[in-house]
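Colleague: I have not looked at this one before. Can you walk me through it?

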Amino acid sequence: VQLFGAALLAALVFSSGSPENGRKEVYMLLKITRFVSLSLMGLGTGVSFSHLLQWKRKAELPGEVFVRVQKTLYKDYGPTGAIMEPGELLSTLATLALLRKRRTPALLTSVALLTVLAKFPVWALFIRPINEQMLGWTEDSFPPNWEELRDRWHRLHLLRFVLSAAGTSALLAGSLADTPTASRASGHRK
C-alpha cells in the first residue's frame, strides 16, 4: 500500500510539471500504474467470478457440508482482498492522475475508479456481516435461514463481479483509447 501511495504522489508531481519536464518519466509511470491497476482489477474480477462458478454447486450441498466447504475455501480470501482492493484503488487513482488531461482515457479510468469505490460498500455493508455470521456456524449448528443467507451472499458477489468486470473493461478501454495510432506515433497529426 505504501508503494502505491508513493506512485500516486509521484504521478501528481510528475504530471504537474511543464510538458517537456519529465515526459518520459510520466509515460513510464503511467505504464506502471496501468499495468498494476489492470493486473489487480483482473485478479479481483477472477476472484468474484470464482464465487459465481461455485454458486450452483454449493446450492446443492446440505447445510453441514456447506459450512465445512465455506470455512475451508475462504480462509485466504479476506487477507488477499485486504491487499488487492486498496491496491486497485490506489493504482487506478494514480493512473487517473496521470491521465487527467486526456479526456477519453481519463473518463474511462474514472468509470473504473467508480466501480472500485462501489465494490467496497457492497462488501462492507452487506457481505461482511454475512461472513461474520458464518464464522460462528459449525457443522452441527447453523441458522434455519442459512440457505437464504448463502444465496444472498452469492447474489452480492455477483454484483461485485459485474462491477469488477465493468471496471476492468473500462480501464482496458481507456488504455486502448490512449494507444497511439500509426500516424500519431510517427509524429503526423490529423
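Modeller: Let's begin with one pair. Asp178 and Arg34 are both buried, where buried means under 20% relative accessible area, exposed over 50% and partly exposed in between, with a 1.4 Å probe and protein chains only.

Colleague: What do Asp178 and Arg34 form, and how far apart are the closest N and O atoms?

Modeller: They form a salt bridge, with the closest N and O atoms 3.1 Å apart. A salt bridge here is a side-chain nitrogen of Lys or Arg within 4 Å of a carboxyl oxygen of Asp or Glu. Asp178 lies in the loop between H6 and helix H7 (182-185) and Arg34 in helix H2, so the pair ties together parts that are 144 residues apart in sequence.

Colleague: Before we go on, where do these values come from?

Modeller: This is a predicted model, so local features need pLDDT of at least 70, side-chain atom pairs count only at pLDDT 80 or more, and totals for chains, interfaces and linings use all residues. Residues are numbered from 1 along each chain as its sequence is written, and side-chain values use heavy atoms, leaving out hydrogens and water.

Colleague: OK. Which residues are linked with Arg34 in a network of salt bridges?

Modeller: Arg102 and Asp178 are linked with Arg34 in that network.

Colleague: How many salt bridges does the structure hold?

Modeller: It holds 9. One of them joins the side chains of Arg68 and Glu139, at 3.2 Å from N to O. That pair links distant parts of the chain: Arg68 is in helix H3, Glu139 is in the loop between H5 and H6, and they are 71 residues apart.

Colleague: Is Arg68 buried, exposed or partly exposed?

Modeller: Arg68 counts as partly exposed, at 41% relative accessibility. Glu139 is partly exposed too, with a relative accessible area of 36%.

Colleague: Which residue does Glu60 meet in a salt bridge?

Modeller: Arg57, again through side chains, at 3.2 Å from N to O. Arg57 is exposed, with a relative accessible area of 52%.

Colleague: Let's zoom out. What is the secondary structure of the chain?

Modeller: It comes to 7 helices and 0 strands. Helices (H or I, at least four residues) and strands (E, at least two) are DSSP runs, numbered from the N terminus. Of the 190 residues of the chain, 37% count as buried.

Colleague: And how do contacts run along the sequence?

Modeller: Take contacts between residues at least 6 apart in sequence. Of these, 77% join residues at least 24 apart. Contact means heavy atoms within 4.5 Å.

Colleague: Tell me about H5. How many residues does it have?

Modeller: Helix H5 (residues 103-135) has 33 residues. It reaches 46 Å from its first C-alpha to its last, close to the 48 Å expected. The expected span is 1.5 Å times one less than the number of residues.

Colleague: Where does H5 bend?

Modeller: At Ile127, by about 45°. Pro129 follows within four residues. The bend is the angle between axes fitted to the seven residues ending at a residue and the seven starting there.

Colleague: What covers the buried residues of H5?

Modeller: The cover includes helix H2 (23-59), helix H3 (63-73), helix H4 (77-99) and helix H6 (146-177). The buried residues of H5 include Lys119, Ile127 and Ile130.

Colleague: How many residues are in the largest nonpolar core?

Modeller: It has 13, and those with the most contacts inside it are Ile130, Met134, Trp137 and Trp153. A nonpolar core is a set of buried Ala, Val, Leu, Ile, Met, Phe, Trp, Tyr and Cys residues joined through side-chain atoms within 4.5 Å.

Colleague: Which helix supplies the largest share of this core?

Modeller: H6, with 5 residues. H3, H5 and H6 each supply at least two. A second, separate core of 8 residues includes Leu30, Leu96, Leu98 and Leu99.

Colleague: Last topic, rings. How many aromatic pairs are there?

Modeller: There are 6. Phe120 and Trp123 have ring centres 5.9 Å apart and planes at 40°, so the pair is tilted. Rings of Phe, Tyr and Trp (its six-membered ring) pair if their centres lie within 6.5 Å; planes under 30 degrees apart count as stacked, over 60 as edge-to-face and the rest as tilted. Ring pairs also link Phe66, Phe142 and Trp146 into a cluster.
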